[in-house]
Amino acid sequence: MRDGDLLGRYERVLERLDAACAAAGRRREEVTLVAVSKLHPASAVVILAAAGQRDFGENYMQEALQKREDMATLADSAATENIRWHFTGHLQSRKTASAAGVFVLLHTLDSCRLACALENRLASCGERQAVLVQVNLAAEPQKSGVMTENLPALVDYIMEYCPHLELRGLMCLPPVFDAGEAARPYFARLYALREDLRARLSLPLPDLSMGMSGDFAAAVAEGASLVRIGTDIFGPRLA
Ligand SMILES: *Cc1c(COP(=O)(O)O)cnc(C)c1O
């Protein structure tokens, strides 16, 4: 891929994000663009980091850790030292050790079992981890995420037993893909769930991670604070 293509796509996404914020009457600073670099090389991340992109998302733990290593050898640290890595993939309880201390935000906490594994790991190294709870809004059996009816219990568990987890909000992957406006009711639903939790727990819960290449404008309109965009920035994934 030529650098110019990547930077051109990136610029267009930034313009669309500006337009989506303006249309929704929101300030651009309210929405963080997470560039989802899964299955794209470290070299592409370096190019975007040099262009000023700070937040990157990865879905596979092995790949995420490898990419960070690759970048250390590829780039001068000035371009990449400010990168904030997000984990947006499914996290397995037995792999939590490798996640500790690496990611600014885990978007996909979805069970008490996983919360417990993370808590134990974090307690032993004395670190805190910011997390979002992923909600399976349409109760799709093949998808990760806590079922809506189990969300309050999971949040209560985190509040009571996981002092090293900092709960910042909710995340979803709507059942419709690349569907633009058709995804909007799901985003509105996630917003409402967050408002319920806020009222019940008196927590700020500032973050809603929702919106991808095909539907991020709708997510911004419904209150997203983080949009996760892969394809429209990096092009098609290779694997
Ligand atoms: C791959 C992925 C994205 C990015 O999707 P695009 O359609 O390529 O923008 C966002 N969020 C999650 C959880 C993903 O797995």
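Helices here are DSSP runs (H or I, at least four residues), numbered from the N terminus. Their axes are lines fitted to C-alpha atoms over the stretch in contact, and angles run from 0 to 180 degrees between N-to-C directions. The model is predicted: local features need pLDDT of at least 70, side-chain atom pairs count only at pLDDT 80 or more, and totals for chains, interfaces and linings use all residues. Residues are numbered from 1 along each chain as its sequence is written, and side-chain values use heavy atoms, with hydrogens and water left out.

Consider helix α6, residues 112-125, and helix α7, residues 151-161: their axes come within 10 Å and cross at roughly 20 degrees. That makes α6 roughly parallel to α7, a term for angles under 35 degrees. Helix α7 also packs against helix α8, residues 184-201, at an angle of about 45 degrees, with the axes 12 Å apart. That makes α7 oblique to α8.

I turn now to the ligand. For Arg228, a polar side-chain atom lies 2.8 Å from a ligand nitrogen. The protein covers 94% of the 390 Å² of accessible area (Shrake-Rupley method, 1.4 Å probe) that the ligand has on its own.

Notes:
Polar contact = N/O pair within 3.5 Å; in protein donor to acceptor, adjacent residues only side chain to side chain. Helix = DSSP H or I, 4+ residues; strand = E, 2+ residues; numbered from the N terminus. Parallel < 35°, antiparallel > 145°, perpendicular 65-115°, else oblique.
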